[in-house]
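I'm jotting down what I look up as I go.

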Amino acid sequence: MATTAGIGRASPGTEKFSCTLCTAIIGPEIVTCWLTCTRARVPPERIEGMDATYRFDLEGAGSWHVAVKDGKLTVRESTDEADRVIRS
């Protein structure tokens with residue numbers, strides 16, 4: 001499985017993703033780490049043909065825009081419009 005800037009990696013022979021940064025963080029910052037590492041968790045073949053956008057408005061952690069298009073997933077901090085908005 002690919003890594004994101006060397007942050008996370010899959011355990012050999014498994015689909016389980018491990019991010020040493022995410023597991024070391026306590027508090028709202030874990031959301032930032034988790035969303036940023038999401039790209040490394042999703043195999044491109046699982047999102048092939050999908051076209052959707054999501055925005056997560058998370059109290060204490062900001063707004064995050066997730067776009068899925070043509071087998072690629074992008075995550076960035078943003079308040080851009082999205083197909084679905086999740087507030088917490």
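Which residue in S5 stands opposite Trp64? I find Glu77 there.

Ground rules before I go further. I'm working on a predicted model, where local features need pLDDT of at least 70 and side-chain atom pairs count only at pLDDT 80 or more, while totals for chains, interfaces and linings use all residues. Numbering runs from 1 along each chain as its sequence is written, and side-chain values use heavy atoms, with hydrogens and water left out.

I looked at the pairing (at least two DSSP bridges between two strands): S4 and S5 run antiparallel over 6 bridges. Strands here are DSSP runs of E, at least two residues, numbered from the N terminus. There are 2 residues between the strands in this hairpin, and Asp70 has a positive phi near 50°.

I checked contacts (heavy atoms within 4.5 Å) for Val66: beyond four places in sequence, its partners include Leu35, Phe56 and Leu73.

**Asp57.** I found Asp57 in strand S3, residues 51–58. Buried or exposed? Asp57 counts as buried because its relative accessibility is 15%, and the cut-off is under 20% relative accessible area with a 1.4 Å probe, protein chains only. Its side chain makes a 2.9 Å polar contact with that of Arg55; the term means N or O atoms within 3.5 Å, one able to donate a hydrogen and the other to accept it.

How values were computed:
Helices (H or I, at least four residues) and strands (E, at least two) are DSSP runs, numbered from the N terminus. Buried means under 20% relative accessible area, exposed over 50%, partly exposed in between (1.4 Å probe, protein chains only).
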